[in-house]
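Q: I have a structure open here and have not looked at it before. Can we go through it together?

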Amino acid sequence: MKIREIHALRGPNYWSIKRHKLIVMVLDLEEMENRPSDKIDGFSERLENMFPNMYEHRCSEGVAGGFFSRVKAGTWMGHIIEHIALEIQTLAGMDVGFGRTRGYGEDGVYNVVFDYMEEEVGCYAAKASVKICETLVQNKEYDLAVDIQEMKEIRESVRLGPSTGAIVEEAVNRGIPWLRLNKHSLCQLGYGANQKRIQATVTCHTSNIGVDLAGDKVETKDLLEQAQIPVAKGEILNDDSKLQEIINNLGFPLVIKPVNGNHGRGVTTNINTFNDALLGFNTAKKISSKVLIEKQIRGEDHRLLVINNKLVAASRRTPAHVVGNGKNTIKELINEVNQDPRRGYGHEKMLTLITIDNVTKGIIVSEGYTLKTVLKKGERFILKDTANLSTGGTAEDVTDIVHPDNLFMAERISKIIDLDICGIDVITTDVSKPLSETGGAVIEVNAGPGFRMHLAPTIGLPRNVAAPVIDQLFPHASTGKIPIIAITGTNGKTTTTRLIAHMAKQTGFKVGYTTSDGVYIQNRLLMKGDCTGPGSTEFVLKDPTVNFAVLECARGGILRSGLGFHNCDIGIVTNVAEDHLGLKGIHTIQQLAEVKGVIPESVVPQGYAILNADDDLVYKMRKKAVSNIALFSMNENSPRIKAMQKKNGLSAIYENGYITICKGEWKIRIMKAVNIPLTFGGKAEFMIQNILPAVLAAYLRGVTIEDIKLALQTFNPSPAQTPGRLNLFQFKNFQVLLDYAHNPAGMRALQKFIQKIDCTVKIGIIAGVGDRKVEDTMQIGSIAAEMFDEIIIRQDKNLRGRSEKELIDMLTNGINQYDPNKKTTVIPNEKEATTYAIKNAKQGSLIVICSDVVTEVLALIQKMQEEEA
C-alpha cells in the first residue's frame, strides 16, 4: 500500500460542514485491492487481539461489534485503516469517532477520512495506521505502545495549554470565532477590527506595567508592603557573599527564588541549612541575576484568582507527595499514586503523573532517604518544592470559604499591581480566617496565572474561570465577528467579489477581499497570485483594520484545507460548469457541485444563500442550506423565480433591460444594464449575471438603492478595478481585449460578447491548461475555432503536469474538429505571442487574449499602447 498524500482540513469542507478537523489521506491499496480482510488468514483475530476496544466500533451495522463483523465478512484495507487511525488516537487520549472511506475515482485508490484533535497527531495516526495494517497482514510483531506514547508527546508539544484551551472553548460556546496566531498560545478571538488577543491568560487588556511588576518580585513586594498587605520578610542578593548574614537575620526555614521568574522555576523551599541555602541560591541564579531570600511562612499554599478585579476562584494546592504504609518503598509509592486514572501525561487529564526528576532526587537525598526507603505508616513525604499541578501536585477548591478580608485584599492587590487577570499566592494555615489572625502572607503575584487547578480541582467544585475572561473581552454578548460574504462558482467569482467589495467600500466599510489575482486590504494589493484558499481568507480575517470581508473561495482550497472561516453571513454561488474535473478525486460535475455547495451550507441560519436559479445544480443547493434563500436569474419569467416571489422571498432579476430586486412580487428597479459600465452597454450578458447576486448581497447588507446605483456607475471594467476581466484597450487601428476565460463555459460567454463587437477580423490567443481533462482542452480549441478567424496557441509558464507538445496537440485537435483549415500559429511564450499579434494587427481587427496570469500581459499591452501614442 502507498500513501499518495495527506492533508488536514480545518474548516467546513466537502466531507462535513460541522466536522472541521479532518484528515484526508489518499491511499493506493495497490495489490491489496484484491485482498479484502476475509482473504487473509488470521487477520480478523490479530486485529481483535491488538485492538479489543474496537468492539465498540459500530460501523454501518449500527451495533457494538459491527465493525468486527464487517472485517470477518470481508472489507477493504482502506476501511480498516480508517478505524485503526481513530482507535489509536483514542488510546492516546484523544477521543475521536468520525470516519469515511470512499473511492477516489481510480481502481484501488481511496480517500480515507477521519477525525483529529491535533493536526500533527492526526497526520502521524494516518501514517501509523497504514504501518499497523501492513504488519497485521504480514503477521508480524508491532509495538503499539511506541505509537501511543509518541502521539501523546506530539499532542503535549502542539496543543493549547489548559488555560488557553478553556478560554478558547468558552469563546466557541458563545459563537466567537478564533484563530491560532503561532505555534504557542497566542490566539485571536473574533475577526478583523473586532478581534481580541490572548496569550495563555494574558489578554490584550492586560497592563504591560502590571506584567513587569508581577515579574519583579521585589517591586511587587515593596508595593504590597506600602499598601499594608502582609508579605514575607526577605532580602535581595546579587551574589552569595552575604548569604550567611541574611540567614542569621531571617532565621530558618527559608525560601529562595529568582527575582524574575514564574511557574515555580528556580524556587527552593523549606531550606534549613547553609549548604541547602547555597544550593538554592545557585539554582535561582540560573533563572535571574538577582535572588530573593525570604523567611518561609508556615501554612499551606493557596492561589486566589482575580479576574477583572473580582475574586472568581480560590484553591488550596498541595505539592506532589506520597504517604507511607510501612511496606512499600518511595519509588513503589510513586508508582502506586501514578496508577490513579485521573493522572496522565502532561495536561491530558485532571492530574499529571509524578516524575522522579532531579528536584525529587535532591529532596529525597536531603532527607537522608533513597528511592528504596520504606516510609513509616502515615508519614507524608513531599516530592516537589512547589505545589504546581504540572509537577504532579493536587488542588482543592476553597472558593466558598475565603474570608471576606482575604477576598477584599485579593481584589485590592489586582488593582495595586494593575492586572486584569491576577493569580495571588498566599501561605496561610486557614484561608477562612484573615491573614492577620493566622500569620499568613502574600508570597507572590502572578500575571498570566494557570487556570487548570480551578477548572478541574482534585477536590471540590470546578469553576468556569474562562467565562469572566470572555465577559471582559466581549461585553454585552458581542461575538467579535465582522460581516463575511463568500463567493464561489465556476465563472464570475472574481468580478462578483470585486463589485461587492466596491459597494461595501463606497458605504464606508474598511474592506478586505480575496481574489484569484491577490489579496486586497482597502483596495491595496498586499498578496499577489491566486489567493482563493483558506490561507488568504485568514490573512483578511486576521487584519485588525478590516471590518468587512468579501472572500472568493475556489474548489482547490476547499478540497485542500476546507474553508478559512466557520460561517459566513452571505454565501453566493454564481454557477457550476465542468472545470478541473479529474483532480483531487472530483470526477463528475455533480461532485464539483457538492464542493461548491460547502459555501451555501456554511451560511448562518439568519443569513442568506444567494443561488443562481438558472443553474440546476446551484438551485438544488438550497435543500442543504440552513439559512434563508435568495435567488437571481436572467429570466424574470423563470418558474423558480415566480415560486420564490409567491413565497414573498427575495430575488434579483434582469427584466426589461433593468437590474431589478424583487421583494415578493414587488419590483425595485436599480438601473438599466446599458448604463452600467461593467456591461459594455448591455453587450456583456455574463457581466449582468455577475451584477445580480452582487446587488442582492449589497441590499441584504443594508446598502441603500442610491448607494448601489452609485457603486454600479463607478465600477469600470478596467485594469485598475477588474484586472484581466474584460479589459478592452483601444489602439489606433484595432482593439485588444484581455479576459480570464479559461474553460468551455467561460469561452462560450466570451463568444457571445465578442459577436456584438464590430471588427473586421478576430484573432484569439489561447492556451491549454495541464490540470484539465483532454476533452475539455480540445473543446476550448473547438470553441476558439468558432470564435476567431485566426488563432495563436501559447502556453502557460506552469504546464501543471503535461508537456507543451501534449497541450498544443489537444488544442490543435479541437480546432481541426471544427475547421481543419483554420489559420493557426504556435508561439509558446505569452509575451512573444501578444507582441506578435499586436504588431501584425490589421485595420479594424480585434485581438482577444485569454490569460489566467494577467499581471505581465497587462503591463505589456499598456506599454505597447503608450508606445503607439
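This is a predicted model: local features need pLDDT of at least 70, side-chain atom pairs count only at pLDDT 80 or more; totals for chains, interfaces and linings use all residues.

Q: How are Asp 809 and Lys 805 separated in the helix?
A: They sit four residues apart in helix H28 (residues 804-818), so about one helical turn separates them.

Q: And are they buried or exposed?
A: Asp 809 counts as partly exposed, at 31% relative accessibility. Lys 805 has 59% relative accessibility and counts as exposed.

Q: Which residues do salt bridges with shared partners join into one network?
A: Asp 301, Arg 303, Arg 317 and Asp 425.

Q: How many salt bridges are there in the whole structure?
A: A search finds 35. One of them joins the side chains of Glu 636 and Lys 667, at 3.1 Å from N to O.

Q: Where do those two sit?
A: Glu 636 is in the loop between strand S29 (628-633) and helix H23 (639-646), while Lys 667 is in strand S32 (residues 666-672). The pair links distant parts of the chain, 31 residues apart.

Q: Glu 636: buried or exposed?
A: Buried, because its relative accessibility is 19% and the cut-off for buried is under 20%. Lys 667, at 42%, counts as partly exposed.

Q: What does Arg 669 form with Glu 655?
A: A salt bridge, in which the closest N and O atoms are 2.7 Å apart. Arg 669 lies in strand S32 and Glu 655 in strand S30 (residues 650-655), so the bridge ties together parts 14 residues apart in sequence.

Q: How do those two count, buried or exposed?
A: Glu 655 is buried, at 1% relative accessibility. Arg 669 counts as partly exposed, at 40%.

Q: Changing topic: how many positive and negative side chains does the protein have?
A: There are 102 positive and 101 negative side chains, and the centres of the two sets lie 3 Å apart.

Q: What about the overall build?
A: The protein has 30 helices and 38 strands. Its C-alpha trace spans about 105 × 70 × 55 Å along the principal axes.

Q: How much of it counts as buried?
A: Of the 869 residues, 55%. The protein exposes about 37,100 Å², with carbon and sulfur atoms supplying 48% of that area.

Q: And what share of the contacts joins residues at least 24 apart?
A: It is 67%, taken among contacts between residues at least 6 apart in sequence.

Methods
Residues are numbered from 1 along each chain as its sequence is written. Side-chain values use heavy atoms; hydrogens and water are left out. Buried means under 20% relative accessible area, exposed over 50%, partly exposed in between (1.4 Å probe, protein chains only). Contact means heavy atoms within 4.5 Å. Accessible areas come from the Shrake-Rupley method with a 1.4 Å probe; for residues, only the protein chains shown count as cover. Lys and Arg count as positive and Asp and Glu as negative; His and the chain ends are not counted. The place of a charge is taken as NZ of Lys, CZ of Arg, CG of Asp or CD of Glu. A salt bridge is a side-chain nitrogen of Lys or Arg within 4 Å of a carboxyl oxygen of Asp or Glu.
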